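Subject: A structure for you to look at

Hi there,

I am passing on a structure that I have been looking through, and my notes follow below it. Please open it first and then read on with it beside you.

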Amino acid sequence: MKQKWILLAVLALGALAGYVVGNRQELAQGSLLEVQQQTLARQAEAIGKLESELGVKQTQIATQQAAFEQLQQQLKSQEAQSQELKRQLAFFERIMRPEGEQSGVVIDNLTVQESSVPNRYHYRLALTQPAKQRELFRGQVQIRVEGSQNDKPKILSGRDLQMKAGAGRYSLRYFQLLEGDWQLPDGFVPDRIRVTISKEGRQPAQELLVEWNEVLKPMLAPPTELAPSATSG
């Protein structure tokens, strides 16, 4: 009888030990799950913070890139203005300090500038008299724009360019600027410009042949204000 009670006690202790061990495993699993959930929550919070910081950085980069592009545009515009001032200075130096003895009018330079109207260009032709002994010269400048239309060679005269009547006439003792507008036909591709002055009396024949791209200047864009930096303030 005593052995039976001992056996029952042993079985009871075994069952109790198994219950305790099982509960400890469940408790351990529950604690591990809670830790994992907390870790995931912290990681999600960190990822959200990093995404927010990334968005701010991307905005800053986009703003800085836009500002850099504006600076580049302003630099190009200022360089173009500087080149134009240098060209004008050299032009007036040639007028004020003539070195040649040749009599007559000389074709000094030509510039063509784009406009906001399609196929319309503003031209400026500079004529000078480089001789030290100046006299009054009058005459006519002939302008031709050579190119192609519909894959066929084509030459445009002043009338084809819709130049005003008398636009090519000059009367000068020192210098004169002839300027106006050209309207190119649709589909016309300009290649070069030919400017000529025929020989007449003491006026020698003159010709200037230039490539279109060499004298073409882009339309000047108005200066733009720089966008405020996202990091300012």
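Predicted model: local features only at pLDDT ≥ 70, side-chain atom pairs only at ≥ 80, totals over all residues.

Let's start with two strands: β3 and β7 (residues 188-197) pair in the antiparallel sense over 9 bridges. Here strands are DSSP runs (E, at least two residues) numbered from the N terminus, and two strands pair if DSSP finds at least two bridges between them.

Residues are numbered from 1 along each chain as its sequence is written, and side-chain values use heavy atoms, with hydrogens and water left out.

On its other pairing, β7 is joined to β8 (residues 206-211) by 6 bridges, and these strands run antiparallel. There, Thr196 stands opposite Glu207 in β8.

Now look at Glu146, which lies in strand β3 (residues 137-149). Is Glu146 buried or exposed? Glu146 counts as buried because its relative accessibility is 12%; buried means under 20% relative accessible area, exposed over 50%, and partly exposed in between (1.4 Å probe, protein chains only). Its side chain makes a polar contact of 2.8 Å with that of Arg194 (a pair of N or O atoms within 3.5 Å; within protein, one must be able to donate a hydrogen and the other to accept it, and residues adjacent in sequence count only if both atoms are side-chain atoms).

How many salt bridges are in the whole structure? The search finds 6, each being a side-chain nitrogen of Lys or Arg within 4 Å of a carboxyl oxygen of Asp or Glu. One of them joins the side chains of Arg192 and Glu211 (3.9 Å, N to O). That pair links distant parts of the chain, with Arg192 in strand β7 and Glu211 in strand β8, 19 residues apart. Salt bridges with shared partners join Glu146, Arg192, Arg194, Glu207 and Glu211 into one network.

Another salt bridge is between Arg124 and Glu179 (3.5 Å, N to O). Arg124 lies in strand β2 (residues 120-128) and Glu179 in strand β6, so this pair ties together parts 55 residues apart in sequence.

Finally, find the open sheet of 4 strands, with the order β6-β2-β1-β9 and mixed pairing. Its edge strands are β6 (175-183) and β9 (216-217), each pairing on one side only.

Enjoy exploring!
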